[in-house]
Amino acid sequence: MKYVDEYRDGKMAKQIAENISQAVHSDKTYHFMEFCGGHTHAIFRYGIPDLLPNNIKMIHGPGCPVCILPIARIDSAIELATEHDVILCSYGDMMRVPGSKRRSLLKAKADGADIRMVYSCADALTIAKDNPDRQVVFFAIGFETTTPPTALIIQQAQKQQVNNFSVFCNHVLTPSAISTILESPEVRDMGLVPLDGFIGPAHVSTVIGSQPYEYFAQEYQKPVVIAGFEPLDVLQAILMLVKQVNNGSAIVENEFTRAVTAEGNLKAKNLVADIFEMRSEFEWRGLGLVPYSGLRIKAKYQAFDAEKRFTLQPSKGRDNKACECPKILRGVKTPKDCKLFGTKCTPENPIGSCMVSSEGACAAYYSYGRYQL
Amino acid sequence: MKNNPYSQTLDLKNGRVEMIHGAGGKAMSQLIEQLFVARFDNPILAQQNDQASLQLPTGKIVMATDSHVISPIFFPGGDIGSLSVHGTVNDVVMSGAKALYLSCGFILEEGYPLADLVKIIDSMAKAANEAGVQIVTGDTKVVEQGKGDGVFINTTGVGVITDNIERGANKIKPGDKIIVSGSLGDHGVAIMSLRENLTFETTIESDSQSLHDLVSTMTEHTPEVCCMRDPTRGGLAATLNEIAQQADVGIQLYEDDMPIKEQVKSACEFLGLDPLYVANEGKLIAFCPEEKAEALLSVMREHPQGLDAAIVGEVFADDNNFVQLKTSFGGMRMVDWINGEQLPRIC
């Protein structure tokens, strides 16, 4: 098995799509949220909406780590690179995301800042070792998937005494974001957003396991199906959700058994617990301040915490008021309901968080689905 | 007394490019004679005038220029020298012209090893010879260390259209079929596998090659072929979006029919890239009326440069000029303009 196209088989897709069509009740509309940007990307990349009956509506959740990073944090990263003369190492898709005054890491790089795109945080540590006279900061972003590698690299930096290396930590937690959506008045009290079930994260769940979702299923009576990022995974998960809704059940099911267990990756979880602790709150672009949703580096590793090593100016960066991302992320509106979508806000010139990465709902709609609008 | 040449010998084994090699004196003259004139070896260049005067056959004259700044300079399947010939020859021949002459402008960085420069020039000479073009005029500049990236090469090509047929995006009509000449994304993946901080093992080589012979076979057999392009930077997706806009049409592609090697698919998979946006340097896209498409395809497949040619889509009337793809999975999606370089996704 090569794991390149085995889960993209068109014939099998037709069969599952047929099963979905037969399973849905024609008098009911099913609203499912895929939390992860990886799922959003797969849905559009493979044209999954064309295979679904009209009464299944997909809501694209806030699980794109690039999209949810607030302007203030991007401003701080740019400040590190431009004002503190560090070598700033960043994952690729963070490079274009605009902060205040539409400045991005790419623009700061063009202005002379030393910003380097890395594929792995291990590369950032290597750059630090190769440049002992410079301060090197890794711009750490991402959900539970990218947190263990960052933890490991901090541990290694300490062991190897790479004292010119530090991490600007922006790691965030999936369960608290799902809680925020389910707790929002539109979903819980006003019933404005009919939310019948979740497609649970793929890669995140390989680390945290399927257990953390039991709470949502029970407390909010919403079915959750954890699914891989391949298009057949997504279709199969939708079929499983339809069946749960029809049966009136709300349990956690695992479609992604080839990678996800109930308890997850204990070694990774222990490593993360050793290095990081919860922040009492963290700002998410689109969701605002979310309690206990972000991680920071523990005091015993503070020598490698860029926020401790450098004094960063508080940024006043705010999202554009006309941007509907907060509502799109909660499923209250769709991208085409936004005045800025496709006019002032495009992938070349993104204004809102959902347009900045190809995994954001607006960018996916624009780049892959514009012909239908 | 005779005006002597430069008294120091040029050490092509261990020597390096020096500022003096671009200063217009005897050292520069020595470099030009021993490297360029000797290796490009043709009577027009040998005259060493500041310009080349050319005798051209009757027909419309075609010109194209391309600058090459590739990193790394040597890569599997080629180097900056061969690439600088292939790139410009291909731009010329996509019009249906026969490519005849090239100019070359070198920007060299002080300190660049002369032995590597020799390799590049030999590779250019070989590529030009294979493409049937002569490098007839040139220029050399040297920049201080740190102000270049080893070697930059600009080439300009001149060719002539002798069959008197005008080809281009404006000739494309709804209903035309779209053919690609072979596997997509090989060059981009070969280059990426060598980039700093991204080394991975692959046996994929760049497809860099001159397509002059394939093009002349195609135009001879199917003169109706109405537009040809080489999908270089931004890959098939960028080129087709450009064409759709210039021709004011829409384009429908079929993912199942795209010739993409397993290795390219795998590399793109773990890098989070879409092979349709990855660069090619030895492939072409041809537009042709539907009734001629199958015949053209078989002619292409008989040519060594078109063994894997495939019909991958068709043109339709669309005021939005969208490029769309029917996915192997059974759905539809757009293949949008590329926004800057493809950046790897985090998830």
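Two strands count as paired if DSSP finds at least two bridges between them. Helices (H or I, at least four residues) and strands (E, at least two) are DSSP runs, numbered from the N terminus. The model is a predicted one, in which local features need pLDDT of at least 70 and side-chain atom pairs count only at pLDDT 80 or more, while totals for chains, interfaces and linings use all residues. Residues are numbered from 1 along each chain as its sequence is written, and chains are lettered from A and ligands numbered from 1 in the order in which they are written.

In chain A, 4 strands make up an open sheet with parallel pairing, in the order S4-S3-S5-S6. Its edges are strand S4 (115-117) and strand S6 (165-171) of chain A, each of which pairs on one side only. On average, neighbouring strands of this sheet are turned by 25° against each other, direction ignored; axes here are lines fitted to C-alpha atoms, for helices over the stretch in contact, and angles run from 0 to 180 degrees between N-to-C directions.

Strand S3 (residues 87-90) of chain A pairs with S4(A) in the parallel sense over 3 bridges.

Helix H5 (residues 121-130) of chain A touches S3, S4, strand S5 (136-142) and S6 of chain A, and its direction makes about 170° with that of S5(A). Helix H6 (residues 147-159) of chain A touches S5 and S6 of chain A, at about 160° to the direction of S6(A). Residues are in contact if their C-beta atoms, placed from the backbone, lie within 7 Å.

The contact between chains A and B takes 41 residues from chain A and 24 residues from chain B. On the chain A side, helix H1 (10-23), helix H2 (37-45) and helix H15 (361-369) each give two or more residues, and H2(A) gives the most, with 4 residues. By class, this side has 18 nonpolar, 12 polar and 11 charged residues. Ala, Val, Leu, Ile, Met, Phe, Trp, Tyr, Cys and Pro count as nonpolar, Asp, Glu, Lys and Arg as charged, and the others, Gly among them, as polar.

Chain B is divided into domain 1 (19-161) and domain 2 (169-334), with bounds from an automatic or database domain assignment. Their C-alpha centres lie 28 Å apart. The contact between them takes 21 residues from domain 1 of chain B and 20 residues from domain 2 of chain B.

Notes
Two residues are in contact if their C-beta atoms, placed from the backbone, lie within 7 Å.
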